[in-house]
Structures are given as structure tokens and as C-alpha cells.
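Please read them with the sequence and the coordinates open beside you.

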Amino acid sequence: MSKQKRPTITSVKFLKEGIRVVYDDGREMQIGDPIRVKALGTGIQDYAAYTVVEFRDRDAKWRTVAVRSSLLTAKINEFNAELTDRHYQWPNRKYVSFVIDALAAKNPKRRIAISMVPGWHGSRYVHPHKVIKRDGDDWECLLMDNPNVLLGKFLCRGKLEEWKNEVARYCRQSSRLRLAVGVPFAATILRRVKLDTFGFHFVGDTSSGKTLCLRVAGSVPGFNSEAGPTSWDGSNTGFEQLA
């Protein structure tokens with residue numbers, strides 16, 4: 001009596017409702033949460049190949065992340081860990097290698113640039129939430145997280161009119177506050193006018209308004225949070241890294 005042949009996986013489908021595997025006997029089975037390759041990218045700073053992946057996390061929120069394409073072929077354990085750290089729920093372990101191989105084989109038509117830092121790239125300005133560019137310009141860029149680049153949170157809250165009335169209006173009463181609120185606006189055009197990066201250091205006694213100046217400056221790019229203004233490594237290497 002011959003043993004019945006166990007069905008094998010022939011393909012993997014990435015659908016909006018989740019991952020499905022197809023067996024050689026025609027059966028299909030859903031095995032995991034949605035994930036798909038949206039685009040392929042090239043790093044502006046390192047010229048490396050990147051794969052842009054979109055997935056639904058454990059809290060049912062959609063996330064987009066760019067990872068080095070080599071992680072999907074030569075370092076699949078690192079790719080697995082990267083998405084796990086970003087709260088993706090992988091399917092059963094016996095399916096993971098099939099899923100990653102299928103993701104690596106995807107070759108979408110969409111091509112985008114990948115940047116590790118915000119700022120000017122040609123005539124476009126890359127902001128964490130959008131790319132500011134001329135009408136009709138189809139250039140796309142995704143700002144990716146990099147542990148070696150320290151950035152503020154860029155929190156977006158409220159409306160412009162609220163900021164004008166609740167922050168900018170009071171700056172009329174203080175030259176220090178006008179300086180503080182002007183610094184982040186000036187920072188965005190330094191490269192355009194060919195000036196080097198520089199900084200301002202507010203000095204004063206306790207309760208003289210130093211933190212207020214930081215909060216006012218941070219209200220422009222979104223560096224304020226419930227815990228206070230975004231802070232950075234203040235060492236020489238920290239400043240160099242931030243610059």
C-alpha cells in the first residue's frame with residue numbers, strides 16, 4: 001500500500017485580506033496578515049537597493065518600511081526580526097521562508113528614492129510626512145529610519161491658524177522668541193543660499209525662558225511632545241551626526 005503524497009506549496013498570494021498559499025492539489029489556505037511589496041528603491045546616500053514593504057501590524061494599522069533588498073535573500077533572519085520589531089505578526093514558522101522568498105521575487109514597476117535624512121534633494125524638499133515639489137513632478141522619495149541618524153519626532157498637531165494664534169502671535173512681545181521661531185524656518189533654506197549649518201545656544205538663569213524658546217522653535221518642525229522638547233546627544237560626535 002503506497003503512502004499518500006503530501007501536498008506541497010506551489011505559490012504564495014499577497015492579498016488585501018492576508019497571505020494565502022496555494023498547494024499542488026489546488027487547495028488554497030490563508031496563513032497570515034496582509035503584507036506586500038509596494039516598490040523598489042535606491043538609496044540617495046548609499047546607492048543600495050531597497051525593497052519597500054507595506055503590512056498591517058498587530059494593532060490593525062498599515063505601515064510602510066524600506067529595507068535593504070539583500071535582507072530578503074541573504075539575511076532573511078534579519079528581515080524577519082526587522083518586521084517583528086515593527087509589530088508585524090508573521091505566520092507559522094513553516095511558512096515564513098515561502099513568504100519571504102515570494103516577497104523577494106516581486107518586481108513591481110514602481111521605483112522610488114530612499115533617503116535617510118530630510119532636506120533638499122535637488123529642487124525637492126523631503127519631509128517625513130511628504131515630499132514638497134513642483135506640480136507635475138512625479139519623483140517619489142521615502143524617508144527611512146536609520147539608527148545612525150538622530151531625528152526629531154516631527155509630530156503634526158492642530159492647524160496652521162491655531163499655531164499662528166497660540167504661538168506666533170506671542171512672539172511679537174519678545175525678540176528672543178522671534179529669533180527662536182525664525183531659526184527652524186531659516187534652517188530649511190541654508191543649503192539653497194549656500195550657507196553652512198550653524199546653531200544657537202540660549203543661555204540664562206533658571207526660569208528665564210530657555211525651555212520656552214526651545215518649545216517655540218520646536219513647534220515649527222514638530223519637536224514637542226508630552227515629555228518635552230526633543231533632545232539630542234550633545235557631544236561633539238552627536239552634533240556632527242545630527243548635522
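1. I begin with helix 4, which covers residues 175-187, counts 13 residues and reaches 18 Å from its first C-alpha to its last, close to the 18 Å expected at 1.5 Å a residue; the expected span is 1.5 Å times one less than the number of residues. Helices (H or I, at least four residues) and strands (E, at least two) are DSSP runs, numbered from the N terminus. The model is a predicted one, in which local features need pLDDT of at least 70 and side-chain atom pairs count only at pLDDT 80 or more, while totals for chains, interfaces and linings use all residues. Residues are numbered from 1 along each chain as its sequence is written, and side-chain values use heavy atoms, with hydrogens and water left out.

2. In helix 4, Leu 177, Ala 180, Val 181 and Pro 184 are buried, where buried means under 20% relative accessible area, exposed over 50% and partly exposed in between, with a 1.4 Å probe and protein chains only. The cover over these buried residues includes helix 3 (160-166) and helix 5 (210-218). At the start of helix 4, a side-chain oxygen of Ser 174 comes to within 3.3 Å of the backbone nitrogen of Arg 176.

3. Helix 5 has Cys 213, Val 216, Ala 217 and Gly 218 as its buried residues, and what covers them includes helix 4 and strand 12 (224-225).

4. Which residues have the most contacts inside the largest nonpolar core? They are Phe 14, Ile 19, Ile 35, Phe 79, Leu 83, Trp 90 and Leu 103, in a core of 26 residues; a nonpolar core is a set of buried Ala, Val, Leu, Ile, Met, Phe, Trp, Tyr and Cys residues joined through side-chain atoms within 4.5 Å. At least two residues of this core are supplied by each of strand 1 (9-15), strand 2 (18-23), strand 4 (35-43), strand 5 (49-56), strand 6 (62-68), helix 1 (76-85) and helix 2 (93-104). Helix 2 gives the largest share, 6 residues. Apart from this core lies another, of 9 residues, including Tyr 50, Val 52, Ala 66 and Met 144.

5. Trp 90, leaving aside neighbours within four places in sequence, is in contact (heavy atoms within 4.5 Å) with Phe 79, Asn 80, Leu 83, Thr 84, Val 96, Val 99 and Ile 100.

6. The loop between helix 1 and helix 2 holds Arg 86, whose side chain is joined to that of Asp 145 by a polar contact of 3.3 Å. A polar contact is a pair of N or O atoms within 3.5 Å; within protein, one must be able to donate a hydrogen and the other to accept it, and residues adjacent in sequence count only if both atoms are side-chain atoms. With neighbours within four places in sequence set aside, Arg 86 is in contact with Phe 55, Asp 57, Arg 63, Val 65 and Asp 145. His 87 lies in the loop between helix 1 and helix 2, is partly exposed at 38% relative accessibility, and has a positive phi of about 75° although it is not a glycine.

7. A positive phi, near 60°, is also found at Tyr 47, a residue other than glycine. Tyr 47 sits in the loop between strand 4 and strand 5 and is exposed, with a relative accessible area of 69%.

8. Strand 7 (residues 111-115) contains Ala 113, which is buried with a relative accessible area of 10%. The C-alpha atoms of Ala 113 and Leu 40 are 73 residues apart along the chain and separated by 8.5 Å.

9. Trp 62, in strand 6, is partly exposed, with a relative accessible area of 42%. Its C-alpha atom and that of Ala 180 are separated by 36 Å, at 118 residues apart along the chain.
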